[in-house]
Amino acid sequence: MMKLLDALQWRYAVKQFSNTKVSSTDLRVLMNSARLSASSYGLQPYNILVIESATLRKKLLPFSYGQNKVADSSHLIVFAAHSQVGNATVDRYIDKHVQITGKSHEDLRNYSLHMKSALNNKTLANKQEWAHQQAYIALGNFLTCAAAMKIDSCPMTGIDTAGYDTVLDLDKKGLTTSVICPIGYRHQDDTQSTAPKVRFDYDEIIQEL
Ligand SMILES: Cc1cc2nc3c(=O)[nH]c(=O)nc-3n(C[C@H](O)[C@H](O)[C@H](O)COP(=O)(O)O)c2cc1C
């Protein structure tokens with residue numbers, strides 16, 4: 001268990017990455033950790049883009065407020081929430097559930113209706129917020145697993161998400177950018193690596209009742 005806390009102490013939001021690449025094997029494991037994240041009802045209303053292309057990342061730079069690590073890192077990961085959340089979201093999930101568990105659509109009918117009703121009770125804005133929240137859970141899991149694998153990262157929302165949507169053609173794919181995360185390995189000159197970790201004390205955050 002201490003190993004996990006050590007990994008979380010080790011990780012920090014990297015300001016400058018080296019040019020070392022994450023291997024395709026490690027990348028696959030890391031992306032699977034995001035895929036295996038928990039989500040509300042299991043609906044996973046997001047896609048995750050893994051961008052290695054230097055050309056594409058250069059196009060994203062003008063929408064990254066000078067944060068060059070978007071391009072100067074091993075890979076750029078974009079967590080993109082589904083723009084439309086509703087009955088189709090549930091139907092897609094139920095189809096997958098049937099395929100994996102062998103249950104019938106009829107077996108899952110009430111569950112399906114329950115999810116649809118819960119989603120349809122939300123306003124459009126609430127649905128979008130909900131989808132982004134689910135993407136953030138995947139991000140959190142991803143950051144922890146990256147740290148456990150000694151892969152560096154920097155979660156980022158300091159970007160123009162509309163610009164990202166345009167460059168990545170996300171509108172047409174029914175997606176919208178939630179949060180991005182360059183990954184790779186810290187540069188030896190990244191002074192942030194030795195900065196003390198600023199966190200509230202245990203009792204300031206955690207109340208044991
Ligand atoms: C949702 C989110 C957005 C963030 N956006 C940026 C960003 O745009 N640029 C950046 O350098 N760091 C960004 N950070 C990193 C935080 O500043 C950093 O995690 C925080 O200061 C705690 O420090 P540590 O992660 O290095 O321990 C972001 C973190 C999160 C979780």
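Two strands count as paired here if DSSP finds at least two bridges between them. Helices (H or I, at least four residues) and strands (E, at least two) are DSSP runs, numbered from the N terminus. The model is a predicted one, so local features need pLDDT of at least 70 and side-chain atom pairs count only at pLDDT 80 or more, while totals for chains, interfaces and linings use all residues. Residue numbers start from 1 along each chain as its sequence is written.

On these terms, Ala81 has Thr176 of S4 as its bridge partner. The two strands S2 (residues 75-82) and S4 (residues 175-184) pair in the antiparallel sense, over 8 bridges. They belong to an open sheet of 4 strands with the order S1-S2-S4-S3 and antiparallel pairing. Strands S1 (46-51) and S3 (152-153) sit at the edges with a single partner strand each, so one side of each has no neighbour in the sheet.

As for the overall layout, the protein chain has 8 helices and 4 strands, and from the N terminus on its elements run α-α-β-α-β-α-α-α-β-α-β-α. Its C-alpha trace spans about 60 × 50 × 35 Å along the principal axes.

Now for the helix pairs. Axes are lines fitted to C-alpha atoms, for helices over the stretch in contact, and angles run from 0 to 180 degrees between N-to-C directions. Helix H4 (residues 87-101) and helix H5 (residues 109-120) have axes that come within 9 Å and cross at roughly 155 degrees. H4 and H5 are therefore roughly antiparallel to each other (the label for angles over 145 degrees). Residues in contact have C-beta atoms, placed from the backbone, within 7 Å; on the H4 side these are Asn87, Thr89, Val90 and Ile94, and on the H5 side Ser112, Met115, Lys116 and Leu119. By class, that contact has 4 nonpolar, 3 polar and 1 charged residues, with Ala, Val, Leu, Ile, Met, Phe, Trp, Tyr, Cys and Pro taken as nonpolar, Asp, Glu, Lys and Arg as charged, and the others, Gly among them, as polar.

Helix H2 (residues 24-35) packs on helix H6 (residues 124-148) at about 145 degrees, with the axes 8 Å apart. Here Leu30, Ser33 and Ala34 of H2 meet Ala138, Asn141, Phe142, Cys145 and Ala146 of H6. That contact has 6 nonpolar, 2 polar and no charged residues.

Around it (C-beta atom, placed from the backbone, within 6 Å) are Tyr12, Ala13, Gln67, Cys154, Pro155, Met156, Thr157, Gly158, Val179 and Lys197. This shell has 6 nonpolar, 3 polar and 1 charged residues.

Technical notes
Angles under 35 degrees count as roughly parallel, over 145 as roughly antiparallel, 65 to 115 as roughly perpendicular and the rest as oblique. Two residues are in contact if their C-beta atoms, placed from the backbone, lie within 7 Å.
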